[in-house]
Amino acid sequence: MEEPLHIAMFVDQHPGTLGGMQTSVRLQRSFLEAAGHVVTVVAPATRARHHEPESTVELPSLPLGGEYSYCLPGRRNDGALESRLAGRPAVDIVHIQADFWLAATGYRHAARHGLPVVHTMHNRMDVGLAATVAIPNTVQRALGLLQKRLLRLDGPAATDAWSYLRGFTRAADAVTAPSTHFARLLEERGVFAAVDVVPNGLDDNVARDLLATPRPGRSGRVRLVWIGRFSPEKRLLPFLEALRRSGVDAEVHVFGDGAERGKAEAAARRIDRADVVFRGTVPYRGMLEELRAADALIQTSQGFETQGMTVFEAAALGTPTLLSDHRIAADLPEGTYRLTPDGTVDGLAAALRAVVGEIRGGAPTAAMDAASLLQSRHTRTMLDVYARALAARPAR
């Protein structure tokens, strides 16, 4: 692509907050800017202080819980967006990386200005709502009614996750997903006819630095890491119960934070034969260093992950993963993971015993080709998607 683009990315949560989508967006912005493009990230304002570049546009928001916020889409937010974009270069393409308030705002902005839209789906919305809200069906119907009004859609309002996502992609020129299994699911559910697979990437420079450094040798007990948001769909509490039942002697380092922290810390206190340390959130490079130093990553969510980025980062760094979500394995090389036998706590406990035994026995581990995961590669792929979306629209 010869001419530099101005890409407006719309995200439901501020890029400075915790989450895989936020990490992905920060990397995308960095590598697109390094390639000479202009990127504006549009997000809800957050109460927490983040050292964000001026290219982040923050819209008026309300607290959602913890460090997260939400916007009320509509004319007032549209006006705030137009005011904050004034004086910046004209936007060439809208990239939606949201499913809720900022998705609607982004599509409204694209419609006002006749801009092409690329929509990246990060969220298994059907599973996520069921795991995080008390009345998911009611919430889903309310979202469908709001979407119909905001986007002026014809026909009945969406009543499930898939018809809701289809309501957005009617106006999309391209849709991407971060994994093969999620792209195929979106196609099967009729969200979009042909979904491009553009994985979330690994920072090139950090990966090269870490891979150039000899892997730390084992210095005693097996070291396991668990990484994620402390919320029901990530299944931290079932993992801690499986750890108790397994009886394995291992150091367990838990990274992240969230609403279930108090319950998780209480569960950890009941475990006598494993050291469970809650490490909180750490910077991106620090997290990769922890993955590199670990004997294994434990991934416990089921049916929720649209890629499972930490699993791929671990594989690239030579650290195996115990996988509860078997679909993630479709994009992983053999030897980089072990699978739980089923979705039960007892199955996870048995798998933990097996993995710790293999580590102690010196079982070899394969590594993923890090080049296939580098963000520079995926940025080039996304630029091809942008070019196709731009070509599908008449020149303004």
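**Exercise 1.** Leaving aside its neighbours within four places in sequence, with which residues is Gln140 in contact?

*Solution.* The model is a predicted one, in which local features need pLDDT of at least 70, side-chain atom pairs count only at pLDDT 80 or more, and totals for chains, interfaces and linings use all residues. Residues are numbered from 1 along each chain as its sequence is written, and side-chain values use heavy atoms, with hydrogens and water left out. Begin by placing Gln140 in helix 5 (residues 136-151), where helices are DSSP runs of H or I with at least four residues, numbered from the N terminus. Taking contact as heavy atoms within 4.5 Å, one then finds Met125, Leu129, Ala158, Thr159, Asp160, Ala161 and Tyr164. Finally, Gln140 has a relative accessible area of 5% and is therefore buried (under 20% relative accessible area, with a 1.4 Å probe and protein chains only).

**Exercise 2.** Determine how helix 9 and helix 10 pack, and which residues make the contact.

*Solution.* For helix 9 (residues 236-246) and helix 10 (residues 261-269), the angle is about 0 degrees and the axes are 10 Å apart. The two helices are therefore roughly parallel to each other, a description that covers angles under 35 degrees. Leu236, Leu237 and Leu240 of helix 9 meet Lys263, Ala264, Ala267 and Ala268 of helix 10.

Definitions and conventions: Axes are lines fitted to C-alpha atoms, for helices over the stretch in contact, and angles run from 0 to 180 degrees between N-to-C directions. Angles under 35 degrees count as roughly parallel, over 145 as roughly antiparallel, 65 to 115 as roughly perpendicular and the rest as oblique. Buried means under 20% relative accessible area, exposed over 50%, partly exposed in between (1.4 Å probe, protein chains only).
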